[in-house]
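Please consult the sequence and the structure while reading.

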Amino acid sequence: MRSLLISALVLGPSLFACTEAGLEEDGGADLAGQDEKGDAVPGIEVQARLAPGTVDATITTATPRPGFVFFAAEGTKVNLEVTHAGSSTGLDTLLKVYGPRLADGSYPKTLASDEDAGYGKLSKISGLDISIPGFYLVEVTNGAAATPTASAKARLKLSCTGVCTTDAPVAPFGLDLRWYQRAAERRALSLQSYAAATAKVAAKVAAGVPSNWGVILDIDETTLNNSAYQHSRAELGTGYSPGSWTDWVNKKAATPIDGALAFTKKVKQLGGKVVFVTNRMGGTECPQTEQNLAATGFTYDQILCRPQGQPSDKNARFDQVKMGMEVVAFVGDNILDFPALTQDLRKQPETAYAAFGESFFVIPNPMYGSFEKNVD
């Protein structure tokens, strides 16, 4: 949230004033995500920043409401159109413009909407007057009478009388992302945690463990570093959304967290099993995840992704693993990566943390997590 508050200062006092004036809260943009990964709600998928010119939006059953962010200065007249050239034949569209973007990252008011003012059943918004400088969101989707198709292309054109370009960021990066990507301390803490886990596992094996033993690790921000995804979303002034996350997973571009690869290799050398329990979705994201793990050098015995339609709670999957082996260590970046624990632990005495450093090992992640819902 720190980065969103700073954005009001970057865009100037006029945008901050619109927050004070209390723009309408109804009719605003319902952005996809708005919750932690794995439990997000559907909505507008913010895909890119839009400058004067054209961009091809793909409307699919998985992403039926693509959105694009653009800047407009005070006094600018904005024109938006889904053009016949470059769009799928017979396409029926709806355009909506929301804004301006407020300090909390929302687009609280619908400023314009059109369904059929363009060519055929295509949409066109002409001469939209901008009275407050800032960032705005345009949504392109199927018209009310459209027959949904698996995939359709809509070529969206932006033109302006006035200023629709700026070098200013939609929102400056927050300290959480800057720390994660730039701080020596983040790498040091990850290496420290994995070194402690390695030493403890080795000591347990030396003391004697059943023949069938192993460890359980989370994947995101525990085994694989996805901060490049968080960076790309921050550039758009937004966060996680289901569609953008699946696109990232499909790229298989996540990199190993410091210490994770050496830890899993040591577990295998000691005769243990490596099991991943992740809330990446089974079917749609698990195969790509396995390919990403393999490409970065990880070897493992089992991966349990989140079953389609099932809650993100991992405890049932933990129990499934424990039926087949003794788990000597859990590694995660979220308190929910550890059996039966929740954020309520934060209110407990220090004795409630006895398992940490013994069988539970935490990897730092200030970018997102179940902590975001804590109100006290």
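## Backbone, sheet and cores

K252 is partly exposed, with a relative accessible area of 35%; partly exposed denotes the range between buried (under 20% relative accessible area) and exposed (over 50%), computed with a 1.4 Å probe on protein chains only. The model is predicted, so local features need pLDDT of at least 70 and side-chain atom pairs count only at pLDDT 80 or more, while totals for chains, interfaces and linings use all residues. Residues are numbered from 1 along each chain as its sequence is written, and side-chain values use heavy atoms, with hydrogens and water left out.

K252 is not a glycine, yet its phi is positive, at about 55°. The residue is located in the loop between α6 and β12 (255–256); helices (H or I, at least four residues) and strands (E, at least two) are DSSP runs, numbered from the N terminus. A340 likewise has a positive phi, of about 65°, without being a glycine. A340 belongs to the loop between β15 and β16 and counts as exposed, at 67% relative accessibility. A further feature is the cis peptide bond from G99 to P100, with omega near -5°. P100 lies in the loop that runs between β5 (93–98) and β6 (110–114). For context, most residues other than glycine have a negative phi, and most peptide bonds are trans.

**Overall dimensions.** The secondary structure comprises nine helices and 16 strands. The C-alpha trace spans about 75 × 45 × 30 Å along its principal axes. Of the 376 residues, 49% count as buried. Among contacts (heavy atoms within 4.5 Å) with a separation of 6 or more, 76% are between residues 24 or more positions apart.

**The parallel sheet.** An open sheet is formed by five strands in the order β14-β13-β10-β15-β16, with parallel pairing; two strands pair if DSSP finds at least two bridges between them. β14 (302–306) and β16 (360–362) are the edge strands, each pairing on one side only. From one strand to the next, the twist averages 20°. Strand β10 (residues 213–217) runs parallel to β15, and five bridges join the two. V215 has A329 as its bridge partner in β15. Helix α4 (residues 184–207) packs on this sheet and touches β10, β15 and β16; its direction makes about 165° with that of β16. Here axes are lines fitted to C-alpha atoms, for helices over the stretch in contact, and angles run from 0 to 180 degrees between N-to-C directions.

**Nonpolar cores.** A nonpolar core is a set of buried Ala, Val, Leu, Ile, Met, Phe, Trp, Tyr and Cys residues joined through side-chain atoms within 4.5 Å. The largest such core has 36 residues, of which Y194, V215, L217, F263 and F276 touch the most other members. Leaving aside residues up to four places away in sequence, the contacts of Y194 include L217, I257, F263, V331 and I363. A second, separate core of 26 residues includes F68, L91, V97 and A112.

**Aromatic pairs.** The structure holds 14 aromatic pairs. Rings of Phe, Tyr and Trp (its six-membered ring) pair if their centres lie within 6.5 Å; planes under 30 degrees apart count as stacked, over 60 as edge-to-face and the rest as tilted. Two of the pairs are tabulated below.

| Pair | Centre distance | Plane angle | Class |
|---|---|---|---|
| Y229 and W245 | 5.2 Å | 80° | edge-to-face |
| F318 and F330 | 5.3 Å | 75° | edge-to-face |

Y229 in helix α5 (residues 227–234) and W245 in helix α6 (residues 242–251) are 16 residues apart, and their pair links distant parts of the chain. Y229 is buried, with a relative accessible area of 2%, and W245 is buried at 2%.

F318 lies in helix α9 (residues 315–322) and F330 in strand β15 (residues 326–332), so their pair ties together parts that are twelve residues apart in sequence. F318 is buried at 1% relative accessible area, and F330 is buried at 5%. Ring pairs also join F318 and F330 with F338, Y353, F356 and F360 into a cluster.

**A charge over a ring.** R186 lies over the face of Y180, at 4.7 Å from the ring centre. The criterion is that NZ of Lys or CZ of Arg is within 6 Å of the ring centre and within 35 degrees of the ring normal.
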